[in-house]
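Have the structure open as you read.

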Amino acid sequence: MKEEGTAVTKILDVLQQSLKRDMTFTSGRIVGSMCTEPSRLARLLYSKYLEKNLGDPGLFPATARLEREAIASVGELLNYPQAHGSIVSGGTEANMMALWSARNGARMEKPEAIVPASAHHSFNKAADMLGIKLISIPTDERGRAQPHSVKAAITANTVMIVGIAGTTNLGSVDPIEELSEIASSNNIHLHVDASFGGFVIPFLNDLGYPTEDFDFKLSGVSSIAIDPHKMGMAPVPAGMILFRSVDMLERIDIKASYLAGGEYSKVSVLGTRPGAAAIVVWATMQMLGREGYRNIVKRCMNLTNLLYENTMKMENIRPVQEPTVNILGVRPLHESPHEVSDKLRERGWAVSTYPKYLRVCVMPHIRKRHILEFCSELKRLDQKQEPIIRPQFSKIRYTLL
Ligand SMILES: Cc1ncc(COP(=O)(O)O)c(C=O)c1O
């Protein structure tokens with residue numbers, strides 16, 4: 001740190017220059033992220049309410065109330081307005097809190113949790129921190145958990161079964177109804193990771209796409225992670241964890257009596273946390289309503305289907321499977337996904353790369369022209385371009401960060 005401060009105008013200039021290297025959602029070229037462009041309302045409210053801290057809710061009771069209202073609204077969307085929960089930093093924290101609660105509730109000496117092979121790596125982080133052994137079960141050819149494998153993996157130490165509604169890699173939705181029955185009959189906590197799908201599936205249903213129940217409508221579902229900062233249209237950081245009963249939340253409520261605002265329940269892994277995030281989640285849902293979300297999901301699905309149809313016709317790329325939500329896996333037939341991803345990155349596109357395919361998330365910032373441009377780019381890759389001799393982005397990603 002320098003001894004003397006720098007003039008604000010200078011700082012703004014420096015930032016303007018140095019941040020130019022970052023990609024932007026508005027460019028439409030980030031096609032591999034689950035986040036999206038913040039709305040004008042979000043930008044306005046974030047800066048206006050920056051000082052709110054839900055780590056000390058007694059100081060900001062009105063913000064805490066908006067958090068509760070937002071949770072009730074999402075609970076209603078997921079067929080359980082009485083749900084208890086918190087707005088958290090994202091799906092990672094939400095999944096961690098669910099595991100934490102299940103572990104504390106079950107009080108096993110050697111706790112185990114059953115997760116599908118498609119589970120997000122946040123479960124590995126959480127299990128490591130919480131001393132839980134993860135039992136990974138294989139998925140079927142559509143990337144869905146297989147109930148018979150889940151059943152077979154249950155032991156006397158199982159504290160949780162995880163089902164996923166919108167997997168990270170292909171957007172598949174596990175057969176939650178069957179998992180719910182298994183969980184109920186074995187008295188095990190079923191956690192549904194709907195971090196991505198939670199703000200999509202309820203609207204798909206309205207739009208006439210085939211869907212299956214995945215939420216609190218199923219009596220075996222004990223908790224749900226759902227991320228406002230993915231398809232909920234809120235800016236980062238905003239996740240949400242919902243529990244069916246208050247005691248599931250109370251099990252992980254660690255009191256802090258010293259706070260200036262007094263002792264209030266504030267269940268989260270974080271201490272100090274942004275009240276502006278809760279305000280923006282609340283306001284975004286007010287602004288959009290079900291109709292707004294339905295229209296967004298409709299547009300994203302139309303574009304996902306357009307991408308699917310176009311890639312079906314390509315020579316060197318094939319979709320991995322029909323999309324369930326607005327995520328599409330595409331498999332290069334002649335090159336490795338990393339090679340293709342590096343070439344795309346060279347041309348200004350950012351996709352996610354898996355060992356066997358690329359993942360495209362057709363988020364709300366993506367327009368039809370972006371999908372068409374992306375398809376042309378994929379086609380251009382087909383037609384043996386001049387070789388690109390440049391550093392492989394996949395190998396230098398860490399140094400870039
Ligand atoms: C299904 C699923 N769960 C959890 C997460 C973690 O969410 P976050 O990055 O907000 O912590 C992700 C992120 O991609 C996800 O796809």
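The paragraphs below go from overall shape to individual salt bridges.

Keep in mind that this is a predicted model. The protein chain is built from 13 helices and eleven strands. Its C-alpha trace spans about 65 × 65 × 40 Å along the principal axes. A compact globule of 401 residues would have a radius of gyration near 21 Å, and the 22 Å of the protein chain agrees with that. Of these 401 residues, 53% count as buried. Contacts also reach across the sequence: among those between residues at least 6 apart, 72% join residues at least 24 apart.

The protein chain exposes about 19300 Å², with carbon and sulfur atoms supplying 52% of it. There are 47 positive and 42 negative side chains, and the centres of the two sets lie 5 Å apart.

The count of salt bridges comes to eleven. One of them pairs R273 with E67, whose closest N and O atoms are 3.0 Å apart. R273 sits in the loop between α9 and α10, while E67 belongs to helix α3, so this pair ties together parts that are 206 residues apart in sequence. Is R273 buried or exposed? Its relative accessibility is 7%, so R273 counts as buried, the cut-off being under 20%. E67 is buried too, with a relative accessible area of 7%.

Next, look at R294 and D206, which meet in a salt bridge at 3.1 Å, N to O. This pair links helix α10 to helix α8, 88 residues apart. R294 is partly exposed at 24% relative accessibility, and D206 is partly exposed at 40%.

Notes. Residues are numbered from 1 along each chain as its sequence is written. This is a predicted model: local features need pLDDT of at least 70, side-chain atom pairs count only at pLDDT 80 or more; totals for chains, interfaces and linings use all residues. Side-chain values use heavy atoms; hydrogens and water are left out. Helices (H or I, at least four residues) and strands (E, at least two) are DSSP runs, numbered from the N terminus. The radius of gyration is taken over C-alpha atoms; the globule rule is 2.2 Å times the number of residues to the power 0.38. Buried means under 20% relative accessible area, exposed over 50%, partly exposed in between (1.4 Å probe, protein chains only). Contact means heavy atoms within 4.5 Å. Accessible areas come from the Shrake-Rupley method with a 1.4 Å probe; for residues, only the protein chains shown count as cover. Lys and Arg count as positive and Asp and Glu as negative; His and the chain ends are not counted. The place of a charge is taken as NZ of Lys, CZ of Arg, CG of Asp or CD of Glu. A salt bridge is a side-chain nitrogen of Lys or Arg within 4 Å of a carboxyl oxygen of Asp or Glu.
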